[in-house]
Each structure stands twice: as structure tokens, then as C-alpha cells.
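Visitor: I would like to learn how to read the features of a model such as this one, moving from single residues to the whole chain. Could we begin with a backbone angle and where it sits?

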Amino acid sequence: MVVAAAILPELATQLVVPVAAAVGIAFAVLQWVLVSKVKVAPEPRGEGGSAAGGGAGAGAKDGASEYLIEEEEGLNDHNVVLKCAEIQTAISEGATSFLFTEYKYAGGFMTVFAVLIFVFLGSIEGFSTKSQPCHYSVGKTCKPALANAAFSTIAFVLGAVTSLVSGFLGMKIATYANARTTLEARKGVGKAFIVAFRSGAVMGFLLAASGLFVLYVAINLFGLYYGDDWEGLFEAITGYGLGGSSMALFGRVGGGIYTKAADVGADLVGKVERNIPEDDPRNPAVIADNVGDNVGDIAGMGSDLFGSYAESSCAALVVASISSFGINREFTPMMYPLLISSVGIIACLITTLFATDFFEVKEVDQIEPALKKQLIISTAVMTVGIALVSWLGLPYTFTIFNFGAQKTVHSWQLFLCVAVGLWAGLVIGFITEYYTSNAYSPVQDVADSCRTGAATNVIFGLALGYKSVIIPIFAIAFSIFLSFSLAAMYGVAVAALGMLSTIATGLAIDAYGPISDNAGGIAEMAGMSHRIRERTDALDAAGNTTAAIGKGFAIGSAALVSLALFGAFVSRAGITTVDVLTPNVFIGLLVGAMLPYWFSAMTMKSVGSAALKMVEEVRRQFNTIPGLMEGTAKPDYATCVKISTDASIKEMIPPGALVMLTPLIVGTFFGVETLSGVLAGALVSGVQIAISASNTGGAWDNAKKYIEVKIL
């Protein structure tokens, strides 16, 4: 069939993508510069003993009365600033040390797995260096198997390195901003909010822009060799997504074990047994606890969302390469997934200005609405952006590969696919907020259940998590049904990309949480006033909700991406239907549905074992260090950091091996039909567990905050 060309020419597409990435990086740098204006060092004293920055400015405004207010908030206390700087350095060094250790192990895995990819793909045609008939483009020849193996391996390494760098940069930004957020809290909750949010935006825009730029460069460089063989080119590019997600696995598991072991150890002994406040500097595990927020919730989440973004882009590109876009060599429509991400960066940039420049947070009760507005505004602006890209970047009519056939699709249908994923993400975000924010009845009910003890609290919390699964699953199911009906597996892939198109804003509000949590910890450890701690606690409570929202986006997009990749797998394996009445498939479904429970059991036991060691060490220090409880002696923070580091590094290997080796073993020994059942079962089961566990944890955390604020 004859199809009309896209309005946007190829040259314009070649410019739009890198320019959008450059704008994203420039905006991230600008936010970092603005954050860096908050100095974590005492300024020289001016006349009258006031700090040159705070006191002099105050005198210019309102003389003595303003000066007294600043003294009350500790603006002129040089010791407080020095203490904040000291704590920030300890947290940063602990997080950096852990990530370097973790990345050594991840680098070893990356090397081994890269060799396996090369060997498996190269051996398909006996490491042939001769051109071969194309799998989908009948009558055409494609590049040799050895070349595909080499370029897939390079793409895998690129994705893995980008994922690790994304996580590391996120951690460095968060540890750079935590003390600055604490110091700004002396001037009011609004100032602290802006610093924490700008810092989150640095991470969000850096990750979104760098992920897009590296993928764009890889496509163009690989294209120099592949030429017109777009089938081979974009199949090789899928290694980029695999590299990103495999490193995300280690970041999430290792960082998660670290942070929860430290958290449990610090709270059980400090708060429960010794009755000292959370983040009290007398607690030996307090630095490890704050380090954990950065390596788990920042570095882990950054790698996680990058992996989902890379996989959704690659899944869409692979399907497009064997559709009319690839067959007819239409570059602009082929780059439709990258154009969506490019517009997403601009939409998120506009959205961020609403939080930092257009509207100012002045009161505690304005924090959560400000973050909620970020979700709404970014979704609304992005909807317009998707419509524009679909109009300019797609021909009106084209065909999409659909399990061996070509399905005729219109540009407006593809717009609906992306939009439904985008709005489903908003629904998941709002439902997550409802079930994890202490402003609503579910969390308040969990808090109220504590009146009768821990048992009823556990029952209410688990029930909340299970109930919170219902609407997100319906939202994901509707997205899959509509997008698949309109544009087959390509529709599902771009729906996932739609959900992640506002990744810069999503990461900004997600990273805001751990930064605020660290800010509260630093305020407590630095001995700042109760009033300032109240402000940081308010930021932290909103942060718990935003962290859960970020996890909701990651889970929802991962479900859509997994389905798109599953479709690509069954197509490539030549499976037309997955029949659950076939014994092999049904057995695979059962085993696959069990795998998330096995994986969860391994990680939970790892956390328990590490937490046990942490509790014993914290008890030992309280019992053996004279003057520790009185505050006259310093605890040994380094030993607790080492316990979390050693435990997480040691324990992250078995869960990672389970995930990576299962498909290889099942496919090799039991065939592709059984493997298709395993993959389907793991996908369906894993989504339910992930949503319920994430929301239960967020609800318990905010129920604790609710009790502290409203009852105690």
C-alpha cells in the first residue's frame, strides 16, 4: 500500500532529538548552579556578630526584629553549619564507597554477561561473517550474525554503563543537596522545598536527557555499518535496554538491602529499646540509615526507571523496524519513540518552573498539592506534545507488524496509545498517593489500628496494600487492551513510553523524598531546633508519598514494557499462540508466578540477616561505649556502614542470578513454549506483589509520621 510521508523532514528529526537532550542537560546544570548557591560553610561574621549573608541582609530589611527571628532559627549559629557539613561529608563518603564496591561486582557481571550475549548470538549462524537472508524482510540480505552479536554486546555495555552512571550521578546530587535543604529550612519550609525539588530535577533531567542522547548516538553510529539493514540495526540496539535493566536489578536489590538493614537496625534499638528520637546522633546506625536512602531510593530508582525507559524505547524501535517505517526506510516515523522522549523533556521543563518559579510553597499543607500539580501539569502539557509529535512525525496511514501480518494503523490511533499510557500513569500516581498519604483515610485507618497493638497494624497495612492493587491493575489492563487493539505490540510499547515520557518530573518528585528524609536526619544530628525538624518532617512525609508514586510509575511502565518484550520474544521464537491448556505452558505459568515470591523471599531474608547483625552491633555499642547515651562519647558509625555494605554486596548476587539465569535454563532445557509460560506467569504475579508491597510500606511509613504529628 502507498503511504504518505511524515510532515517533519529527516534533517529536522536529526536536530530535534539531540537539541532536546542538550536542553535537558543544560536545564539540569542550571538547577544545580541554583542549588549550589546555598553554602554549606559558615560565612564570615559581619558587624555586630551576625553572619555576613544572613545578619547583614536582615539588618537591611527590618533591623533588630528580623535579626532576632534569624537567631531563633539558628541562622547565625556557625557550629550548626559546620556540623551539617560534617554529617553531609560522612553520608556522601559512605554512599560513594558503597556504590564503588557495588559497581565492581556489577562490572564483573556485566563483563561475563556481555561475553554470554556475544557467544549466544554469534553461534546462531556458527559465527558466520557472511551476509544472511533477513528474517522479516523477505528477499533482502542482512548483516552477518557475528556483526549482530558484536553490536548487540556493545549496546548492552552502553546501556549498562549509562544505567550505572545515572544512579551514581543521582546519588552525588542527593548527597550534595541534603545539608543545603536542612540549612534552607531555617528560613522556612518553602525555601527548603525548592532546594530539595531543584536537586531532584537535576537528577531527573540528567537521566532523561543522557539516556535519550546515548541511544540516539548509538543508533546513528551503528547505522554507519548497518546502512539499509534496519532490521539488524534495531535488533542490535535492544542490547541497550537489556544492559540498563540488568544493572538496575543490582542497584535496586543491593541498595534496597543496604537501606532497609540500616533502617531496621537503627529504629529497633534506637527508638524502641533506647527511646531516643529518630536520627539521633547517639545512634551508631544513623549514618548508615541516611546513606541507605541515597544508595537505595536514589541510585536504585534512577537505574530502575532508566532501565524501563531504555527497554520501552528499544521494544518500540524493534517492532517499528519490521513495520512499514523500517521496510520503507522512513527515518522520522522510525524515530517516533525518541521524538516522544524529546518532547517529554521540554514538557517536564515547563512543568518544573511551576514548582520553582511560578508558584511558591509557603505553608506545610501546600507541599503535597504542589507535588500533585507537577503530575497533573506534566501530563496535560505532554498530551499536547504527543498530539504535535503524532501529527508532524507520522504519516497519516501506515502498517505495524502484528505476529506475522501487517496491521493498518492511523496516526491518531498511535496518539491514543501513547496518551492512554500517559494518563494511566497519572491514575496510578493518584491512587498511590491516596493509599500512602497521611492526608487520606487509608493511612489514618492504619495509624488508628495501632491503638490495639502491632498485630492489628500489620493486618490493616497488608489489607491496604492488597486493596491498592485493584485500580492500578484496571488502569494497566485498559491501557494494554486499547493500545494493543489499535496498534498491536507497537501500541503497547509506546504506551509504556507514554507512561515514562514525563520521567524527568517523575524522578524529580521521587528524588525529592530521600533528599528531604536526609535533611531531617541532618537537622536532628546537628542539634537544630524542634521547629526546623517539624519542617523537614513535613517535607519527608510528602517525600514518602512521592517515593511510592515513583515506584508506582516504575511498576506500571515495567508491566507494559514486559508485555511488549514478551510479544517480541514470541514473534521471534515463531510462537503464534500461548495455549495455557498445553501442559508445558501451564507448568511454566505456575513456575513463573512463583518466581516473584522466591525472589522476594531471598531479598527479605537478606534484609533480616543484615538487620540482625546491625541490631547486635548497635546494642553492643550502647552497652560497651561509656558516655554514649549521655552524648559525651561518639559512636562508631563506620562499623555499621560496613555491616550494611558487606551484607548487601554479598546478598545481591543470588536474587540477581535467579532473575538472569531462569530464562536461559528454562529455554535451553524445556523449550520456548515452557519459557513463554514462565515469562507470562512472572509478569502477572510480579506486578501484583510489587504494587501491594510498595504501597503497604509507604502507608506504614506515613502512618508513623501521622501518629508523631497528630497524637504524640
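This is a predicted model: local features need pLDDT of at least 70, side-chain atom pairs count only at pLDDT 80 or more; totals for chains, interfaces and linings use all residues.

Visitor: Is Ala-488 buried or exposed?

Guide: Ala-488 has a relative accessible area of 1%, and because buried means under 20%, Ala-488 counts as buried.

Visitor: Where is Asn-275 found, and what is its phi near?

Guide: Asn-275 is found in the loop between helix H6 (230-273) and helix H7 (286-321), and its phi is also a positive value, near 55°, in a residue other than glycine. With a relative accessibility of 67%, Asn-275 counts as exposed, whereas Ala-488 is buried.

Visitor: Let us turn to aromatic rings. How is a pair of aromatic rings described?

Guide: A pair of aromatic rings is described by two quantities, the distance of the centres and the angle of the planes. In this structure a search of the whole model finds 21 aromatic pairs. For Phe-325 and Phe-398, the ring centres are 4.9 Å apart and the planes stand at 45°, so the pair is tilted.

Visitor: What kind of pair do the rings of Phe-354 and Phe-358 make?

Guide: The centres of the Phe-354 and Phe-358 rings lie 5.0 Å apart and their planes are at 90°, so this pair is edge-to-face. Both residues lie in helix H10 (residues 336-358), four residues apart, which is about one turn of the helix. Phe-354 is partly exposed, with a relative accessible area of 25%.

Visitor: Which residues form one aromatic cluster?

Guide: Phe-109, Phe-113, Phe-156 and Phe-250 form one aromatic cluster.

Visitor: Next I would like to read contacts between parts of the chain. Which residues is Ile-555 in contact with, leaving aside its neighbours within four places in sequence?

Guide: The idea is to set aside sequence neighbours and ask which other residues have heavy atoms within 4.5 Å. On that reading, Ile-555 is in contact with Val-687, Ala-690, Ile-691 and Ser-694. Ile-555 lies in helix H17 (residues 530-572), and at 14% relative accessibility it counts as buried. The C-alpha atoms of Ile-555 and Ala-690 are separated by 6.9 Å, although the two residues are 135 residues apart along the chain.

Visitor: Which residues does Glu-617 touch, not counting residues up to four places away in sequence?

Guide: Glu-617, which is found in helix H18 (residues 583-624), touches Thr-639, Cys-640 and Ile-643. At 10% relative accessibility, Glu-617 counts as buried.

Visitor: And what is Tyr-637 in contact with, leaving aside its neighbours within four places in sequence?

Guide: Tyr-637, whose place is in helix H19 (residues 637-651), is in contact with Pro-281, Asn-283, Pro-284, Val-286 and Ile-287. The C-alpha atoms of Tyr-637 and Ala-90 are separated by 9.2 Å, with 547 residues as their separation along the chain.

Visitor: Now the whole chain: what does its secondary structure come to, and what radius of gyration does the protein have?

Guide: The secondary structure comes to 20 helices and four strands. A compact globule of 712 residues would have a radius of gyration near 27 Å, and the protein has 26 Å, which agrees. The C-alpha trace spans about 85 × 55 × 45 Å along its principal axes. Of the contacts between residues at least 6 apart in sequence, 83% join residues at least 24 apart.

Visitor: How many of the residues count as buried, and how many side chains are positive and negative?

Guide: Of the 712 residues, 57% count as buried. The protein exposes about 27700 Å², of which carbon and sulfur atoms supply 67%. There are 42 positive and 55 negative side chains, and the centres of the two sets lie 2 Å apart.

Methods: Residues are numbered from 1 along each chain as its sequence is written. Side-chain values use heavy atoms; hydrogens and water are left out. Helices (H or I, at least four residues) and strands (E, at least two) are DSSP runs, numbered from the N terminus. The radius of gyration is taken over C-alpha atoms; the globule rule is 2.2 Å times the number of residues to the power 0.38. Buried means under 20% relative accessible area, exposed over 50%, partly exposed in between (1.4 Å probe, protein chains only). Accessible areas come from the Shrake-Rupley method with a 1.4 Å probe; for residues, only the protein chains shown count as cover. Lys and Arg count as positive and Asp and Glu as negative; His and the chain ends are not counted. The place of a charge is taken as NZ of Lys, CZ of Arg, CG of Asp or CD of Glu. Rings of Phe, Tyr and Trp (its six-membered ring) pair if their centres lie within 6.5 Å; planes under 30 degrees apart count as stacked, over 60 as edge-to-face and the rest as tilted.
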